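These are my notebook entries from going through one model.

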Amino acid sequence: MCGIVGVVAKSYVNQTIFDALTVLQHRGQDAAGMVTCEGDRFFLRKDNGLVNEVFRTRHMKRLVGNLGIGHVRYPTAGSSSAAEAQPFYVNSPYGIALAHNGNLTNAEQLAEQMRNENLRHINTTSDSEILLNIFAHELQQIGKLVPTAEDIFTAVKAVHERCTGGYAVVAVITGYGIVAFRDPNGIRPLVYGKRETSNGTEFMVASESVALDISGYTLVRDIAPGEAIFISQEGDVSTLQCAPKADFAPCLFEYVYLARPDSIMDEVNVYKSRMRMGEKLAEKVMRERPEHDIDVVIPIPDTSRTSALEMAHHLNVNFREGFIKNRYIGRTFIMPGQEMREKSVRRKLNPIELEFKDKVVMLVDDSIVRGTTSRQIVEMARDMGAKKVYFASAAPAVRYPNVYGIDMPSVDELIAHDRTDDEVGQLIGCDWMLYQDLDDLKECVRTGNEEINNFDSSVFNGEYITGDIDQAYLDRIEAKRNDAAKAGEDQKDDSDSTDLLAIS
């Protein structure tokens, strides 16, 4: 998962993009990048690190121009090199910089086509660079000195024909404007908004609506699956459905974990969807154990707090904050390496003994992936004197890898793979393991937008909606995603760095 943003404004956009990236930081803590455009020149800064680490005052002063794009990265496979930070850039045609959230499932075939048929060089292992070169190649085939919005949409149509997988894209074309588009299934989110200024109307596209909120933009709507939007540097907006067949199926895991609760995506209020998840968990408790002995419901900060509070309300039991979170430790799910994840849990959460001692505790988390955090949290609860420790997940059991832009571990590292719910409970050490039912989770999200008839639920049921995923593909990504492979990549990438460039 990654976060993307693009801005067309009447003044310099560097601070607006910076602010947007800071509120999208939860979508990627590995690297950050920004490209701005002034006249016929690009100005680029990208590197490994958090947004406020990558962009210093000296960099911001050189990121000039009234349009630009930004990106925060969480790598989906393999290398975490600074050289693979986005945006990527090509100088033909026109000069194009692109940032991408998602994953192309046919990236290997596309890379070969680029090399052997389109005669374009791919310099990294990133599928985002492949996507950029495909878009650039298709735009070049049109062969116009001054492209129109229709020409740009024609190139996007060709991208949809060639690329499969989940992708939300934003690109800036020197001297012309910004184009953004979304895969035909709408797996990865993308919204756009506008704000009125004394100099005219300004526009932003972003992964989540919260990026619009922070800078005073008003949400207009989501970019539809397969749709593209082009915003010229003068502020003219054009949109077109560019996919011949769009089958709306947003990623269900976005609403469980990835998105901020204050975002609205595909017309679904994320906060309200998580409230409904807690309500459904309470209903399941009453179905399975109507005479339950739960004394207190305690969330695992932060993502599960909304669901846990609603669960406690519907069970008519106390809700308590039993863990104090260290705000300066990152999200363990997206930390590279099992050893780092294990060490971070105790530093990240500190239990309050008063809320555990001599109580039957229901712990609530948004999901369980590896089980590393869950197991240690259960141990903490017992160390604090809990009589019994129950564990509820607002999501169903994660049993399959994600191939559309979320770096789920290799399948053998998923604690629920080939295990029953009770077996997972035994492994994490709890007295009762309670998972959300998949149909209930879908209902929690669909209630916010009844036009959503399908979801990408592959991490829960192993059904991949693009229809091109077989066991051979899963075996290949597993070889790239396991912790041993990543450790090897980290050693190779230690010396990489990327500094500010002015591209003309």
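Pairing of strands first: I count two strands as paired if DSSP finds at least two bridges between them. Helices (H or I, at least four residues) and strands (E, at least two) are DSSP runs, numbered from the N terminus. The model is predicted, so I took local features only at pLDDT of at least 70 and side-chain atom pairs only at pLDDT 80 or more, while totals for chains, interfaces and linings use all residues. Residues are numbered from 1 along each chain as its sequence is written, and side-chain values use heavy atoms, with hydrogens and water left out.

Entry 1, the sheet. I looked up the hairpin of S7 and S8: three residues lie between the strands, and Gly 175 takes a positive phi near 80° there. S7 and S8 pair in the antiparallel sense over six bridges, with Val 169 opposite Phe 181 in S8. On to the next pairing: S8 and S12 are antiparallel over five bridges, and Ala 180 stands opposite Ile 229 in S12. These strands belong to an open sheet of six, in the order S5-S6-S7-S8-S12-S13, with antiparallel pairing. Strand S5 (88-90) and S13 stand at the edges with a single partner strand each, so one side of each has no neighbour in the sheet. S5 pairs with strand S6 (residues 96-104) in the antiparallel sense over three bridges; Val 90 has Ile 96 in S6 as its bridge partner.

I used buried for under 20% relative accessible area, exposed for over 50% and partly exposed in between (1.4 Å probe, protein chains only). Six of the six residues of S8 are buried, so S8 is largely enclosed by the rest of the structure. For helix H1 (residues 14-23) the count is seven of ten, so H1 is also largely enclosed. Among the buried residues of H1 I listed Ile 17, Phe 18 and Leu 21.

Rings of Phe, Tyr and Trp (its six-membered ring) pair if their centres lie within 6.5 Å; planes under 30 degrees apart count as stacked, over 60 as edge-to-face and the rest as tilted. By this rule I have ten aromatic pairs. Tyr 167 and Phe 181 are edge-to-face, at 6.4 Å centre to centre and 80° between the planes. Tyr 167 sits in strand S7 (residues 165-173) and Phe 181 in strand S8 (residues 177-182), 14 residues apart. Both are buried.

A charge sits over a ring if NZ of Lys or CZ of Arg is within 6 Å of the ring centre and within 35 degrees of the ring normal. The charged end of Arg 289 is over the ring of Tyr 390, 5.6 Å from its centre. Arg 289 also lies over the face of Trp 432, at 4.0 Å from the ring centre.

A nonpolar core is a set of buried Ala, Val, Leu, Ile, Met, Phe, Trp, Tyr and Cys residues joined through side-chain atoms within 4.5 Å. The largest has 55 residues, of which Phe 253, Met 311 and Met 362 touch the most other members. Helix H8 (residues 252-258) gives the most to this core, six residues. Another core, of 34 residues, lies apart from it and includes Phe 135 and Val 179.
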